[in-house]
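Q: Please take a close look at one helix pair in this structure. How is the pair arranged, and what makes up the contact?

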2 protein chains.
Amino acid sequence: MAEEKNRKVKIAEKILDKNDLMAAVNRELLSAKGIFSINLISSPGAGKTTILEYMAGYFGPRMAVIEGDIQTRRDAERVERAGCPAVQIETGGACHLDALAVKKALESIDLDAENLDLLAIENVGNLICPSGYDLGENMKIGLLSVPEGDDKVMKYPSLFSTVDVFLINKIDLAPYLDFDVDRAIEECRNMNPDVTVFTLSAKTGEGMDDFCIFLESNFH
Amino acid sequence: MAEEKNRKVKIAEKILDKNDLMAAVNRELLSAKGIFSINLISSPGAGKTTILEYMAGYFGPRMAVIEGDIQTRRDAERVERAGCPAVQIETGGACHLDALAVKKALESIDLDAENLDLLAIENVGNLICPSGYDLGENMKIGLLSVPEGDDKVMKYPSLFSTVDVFLINKIDLAPYLDFDVDRAIEECRNMNPDVTVFTLSAKTGEGMDDFCIFLESNFH
């Protein structure tokens, strides 16, 4: 039994190492092309794609998007309609993106396109599994929406203790729901003192320009 | 490489088999005690615990609850305050419950308690990974909340094509959001013709009694 367990652990470690290696390749490639990259992680329906639609309007062809979904091409189509190139990864069941899937998707993006400054990767809708996989991004962003409840920061520490940026979306719904914004931010900062926080609504646009300007300030 | 891949597949199969075996043990044990069981699966923040709080008020000590979370005991405390016994499983990182974790939790519940008719298992907040693990329940319930968006049924087919019951929660927020209830139900029924559907709001109570009466009609 112990031997079997050891073998399992060994294989898991090998997979993680391979992912880290591939993530380093992605990071170096994007850096060489002068492209800043973000990895956007949240539950299903927290508003990742709506945020990217707003950003597509703001950045236009300065941004390219990789969309991760279990199934359907709907999100890439939404982002494309909003004005910037998008590639869909259909994971076919896998609960997170990994660096190899991103590397393959990068082959479908013109990284030499004039003015391309930002690559936004929308991870599979899942607060748990994506948090353990480096994709090669420069900035890891955790997104929580008001209807999900302010208790989710403490319930999903593997994500919220490791993100560079914490976004609270759907702030326009706060009047109708019991969500303590101060509590959510405080609980995130307790685990993650250096985190940068934005409250916003991708639907109404509230706070979105501030977030886009902040991203811009990080471009290479 | 091929050999290594085969070994991985073999181990994955072995783990699944072990889970199915344990699930059968749970199902037999609960059936022998005359307890009907449900497995409630949704994204984080879709309202699983609020539904169970309502049900605790309705069923009282006729219901016992197993709460699955990555971290924190908050949900079990909420359900206990609402009036029925609850056991918390903290998975410590794992993205779903499995039948062994449920079996262990069952040891902390008095299955011989007079009038105990229903065991409700709240899975870890995740639309993906829990859908592949039988816990030994009699009824698998998939829950989607209005703020998550009506496109989620087609995006998470591994769950919504396999559930016995499809709940649409937070129906009180429908006036503020673009959620096409008919579309969500139709897309679920297309994959899963025998699914039973309820629209409800655990917060306002709308539709909740109908759902509880339906559960009651399935008790042993």
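A: H2(B) and H3(B) are roughly parallel to each other, a label for angles under 35 degrees, while over 145 counts as roughly antiparallel, 65 to 115 as roughly perpendicular and the rest as oblique. The model is predicted, so local features need pLDDT of at least 70 and side-chain atom pairs count only at pLDDT 80 or more, whereas totals for chains, interfaces and linings use all residues. Residues are numbered from 1 along each chain as its sequence is written, and chains are lettered from A and ligands numbered from 1 in the order in which they are written.

Helix H2 covers residues 48-59 of chain B and helix H3 covers residues 74-82 of chain B. Helices are DSSP runs of H or I with at least four residues, strands are runs of E with at least two, and both are numbered from the N terminus. The two helices pack at an angle of about 25 degrees, and their axes are 8 Å apart. Axes here are lines fitted to C-alpha atoms, for helices over the stretch in contact, and angles run from 0 to 180 degrees between N-to-C directions.

The contact is made on the H2(B) side by Thr49(B), Leu52(B), Glu53(B), Ala56(B) and Gly57(B). H3(B) supplies Asp75(B), Arg78(B), Val79(B) and Ala82(B). Two residues are in contact if their C-beta atoms, placed from the backbone, lie within 7 Å. By class, four of the residues in this contact are nonpolar, two polar and three charged. Ala, Val, Leu, Ile, Met, Phe, Trp, Tyr, Cys and Pro count as nonpolar, Asp, Glu, Lys and Arg as charged, and the others, Gly among them, as polar.

Elsewhere, 31 residues of chain B are in contact with 31 residues of chain A. On the side of chain B that touches chain A, H5(B) gives the most, with three residues. That side divides into 13 nonpolar, ten polar and eight charged residues.
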